[in-house]
Amino acid sequence: MTDQTAAAASERLHALDLVRAAALLLGIVFHAALPFMADYDLWLALDQERSRPVTWLAFTLHTFRMTTFFLLAGYFGRLLLVRRGTRGFVSDRARRILLPLLIFWLPVMILYVLALILAASLGATPVTDEPAPPPEFTLTGFPLTHLWFLYVLVLLYAAALILRTLVAAIDRTETMRKAADRALEVALRVPFALPLLLTVAVAALLLGQPAWAEWWGIPTPDRGFLPNRAALGGFGLAFGLGWLVHRSKLGFMPLSRLWAPYLIAALALTVSCLWLIGPPMFEPQLAGQERLIFAGLYAAAAWCWTLGLVGAALRFIRHESPVIRYLADSSYWLYIVHLPLLVALEALVAHWPVPAELKLLLIVAVASGLMLVSYHYLVRATFIGTLLNGRRYPRKGGTA
């Protein structure tokens with residue numbers, strides 16, 4: 001590999017890593033928006049100010065952020081496997097995915113409970129006829145909270161290794177794998193071919209999910225150790241696609257020519273979903289043909305957003321940036337610790353006579369500032385940074 005080729009490959013990885021980090025950071029914005037959604041009274045801290053635009057923003061972000069994350073998790077997963085081999089891959093994923101889940105779950109839960117107590121003391125929690133039932137520490141009810149994505153990643157890594165072994169045993173001449181690689185390269189090049197194929201699969205998974213609440217899209221598997229079929233299938237499909245794309249020499253590069261039509265289509269599809277569903281009820285509210293159409297529109301929007309954003313990153317991010325690198329490194333820590341802090345801030349401003357949009361900006365700004373400070377002084381140059389980032393950065397001297 002020439003120096004120029006190596007530099008181009010590094011820049012592509014930098015662009016993709018930014019999109020993966022952005023998917024996590026947008027999750028913080030999504031959770032910060034929940035108290036301000038119109039007609040939604042089941043979040044942990046409720047606000048007296050509500051906003052339709054904030055509701056539409058939350059819907060849009062929730063459409064694609066985790067699909068995007070798992071797509072790139074699959075891509076980088078196979079990249080790691082190729083670089084380090086099976087033993088190194090398992091060791092790395094155990095340290096940087098499984099171990100953080102085991103270490104941080106209890107502290108996050110404790111902070112979570114403290115934030116809920118604060119919200120209750122400030123009168124910012126939902127008023128219900130009956131108190132909410134305590135969490136069930138069972139196989140199907142265990143509260144994984146927002147750390148569920150780490151658990152699902154562990155499952156997908158294990159499945160990928162098993163399937164890889166089986167395919168290698170069956171396809172000894174690699175005939176099947178080479179044919180699949182060629183088909184995928186064609187699907188990546190032909191406009192809307194890949195989103196169309198993926199839409200059919202994801203829509204079928206959503207329609208097959210019992211009591212599917214359309215507004216929430218793919219049901220979040222945040223409770224129990226048995227993820228629902230729609231989540232495991234939908235996110236597993238994204239992960240598997242990313243894994244397969246890494247086999248291609250071109251990778252995601254064909255998307256850099258298609259980013260504009262994909263993002264335009266994503267916006268139009270999202271608006272269509274919002275128009276079709278009308279005032280959100282946050283529970284099943286469509287039936288028959290409308291439900292079928294919504295599932296197709298939603299799945300298509302998710303994949304057009306995801307592929308469009310990946311293409312745009314590859315098209316416009318040409319050089320590594322220390323600032324972007326820093327934000328990408330910090331995104332893992334920020335996402336792990338963000339939810340209790342957000343709930344506390346949401347409770348503090350719940351009764352302020354300030355527009356919901358301004359409160360949302362304030363919460364995101366204050367929370368991000370506090371979390372970045374904690375990352376810089378408590379994580380980046382400590383053993384926690386080694387755990388999450390794979391290396392310990394020096395306290396001074398930039399990002400080297």
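## The largest cavity

The lining of the largest cavity is made up of 6 nonpolar, 5 polar and 1 charged residues. This cavity belongs to a predicted model, and about 90 Å³ of space lies in it. The residues around the space are His-62, Thr-63, Arg-65, Met-66, Thr-67, Trp-148, Trp-216, Gly-217, Ile-218, Thr-220, Phe-235 and Tyr-298. Helix H2 gives the most to this lining, with 5 residues.

How many cavities of 30 Å³ or more does a search of the whole structure find? The search finds 2. The idea behind such a search is plain: rolling a probe the size of a water molecule over the atoms shows where empty space is left.

## The second largest cavity

The second largest cavity has a volume of about 40 Å³. Its lining consists of Thr-63, Thr-67, Val-202, Leu-206, Ile-218, Gly-234, Tyr-298, Ala-299, Ala-302 and Trp-303. By class, these residues are 7 nonpolar and 3 polar, with no charged residues.

Which helices each supply at least two residues of this lining? They are H2, helix H5 (193–207) and helix H8 (288–316). H8 provides the largest share, 4 residues. Thr-63, Thr-67, Ile-218 and Tyr-298 line the second largest cavity and are also listed in the lining of the largest cavity.

## The largest pocket

The largest pocket has a volume of about 1,600 Å³. Its lining has 45 residues, and Leu-42, Leu-44, Tyr-112, Asp-222 and Arg-223 lie nearest its centre. By class, the lining holds 30 nonpolar, 10 polar and 5 charged residues.

At least two lining residues come from each of helix H1 (3–33), helix H2 (52–121) and helix H9 (322–348). Which of the helices gives the most to the lining of the largest pocket? H2 does, with 8 residues.

## The second largest pocket

The second largest pocket has a volume of about 1,000 Å³. It is lined by 37 residues, and those closest to its centre are Asp-17, Arg-20, Arg-96, Arg-325 and Asn-389. The lining divides by class into 18 nonpolar, 7 polar and 12 charged residues.

H1, H2, helix H3 (148–170), H9 and helix H11 (383–389) each supply at least two residues. The largest share, 12 residues, comes from H2. H2 also gives the most to the lining of the largest pocket and to that of the largest cavity.

## Aromatic rings

Under the pairing rule used here, the count is 31 aromatic pairs. One aromatic cluster is formed by Tyr-40, Phe-59, Trp-212, Trp-215, Trp-216, Phe-282, Phe-294 and Tyr-298. Two members of this cluster, Trp-216 and Tyr-298, are also in the lining of the largest cavity. Tyr-298 is in the lining of the second largest cavity as well.

Rings also meet charged groups. The charged end of Arg-315 sits over the ring of Phe-316, at 5.0 Å from the ring centre. For Arg-380, the charged end sits over the ring of Tyr-393, 3.8 Å from its centre.

## Confidence in the model

What is the mean pLDDT of the protein chain? The mean is 92, and 94% of the residues reach 70 or more. Residues 1–7, however, have a pLDDT below 50. Beyond near neighbours in sequence, this stretch has 1 contact in the model.

Methods: Residues numbered from 1 in each chain as written. Predicted model: local features only at pLDDT ≥ 70, side-chain atom pairs only at ≥ 80, totals over all residues. Heavy atoms only, no water. 1 Å grid on protein atoms, 1.4 Å probe; cavity = no way out; pocket = protein on both sides within 12 Å on 5 of 7 lines; lining within 4 Å. Points joined across faces, edges and corners; volume = space filled by probe spheres on them. Nonpolar A, V, L, I, M, F, W, Y, C, P; charged D, E, K, R; others polar. Phe/Tyr/Trp six-rings, centres within 6.5 Å; stacked < 30°, edge-to-face > 60°. Lys NZ or Arg CZ within 6 Å of the ring centre and 35° of its normal. pLDDT = per-residue confidence, 0-100. Contact = heavy atoms within 4.5 Å.
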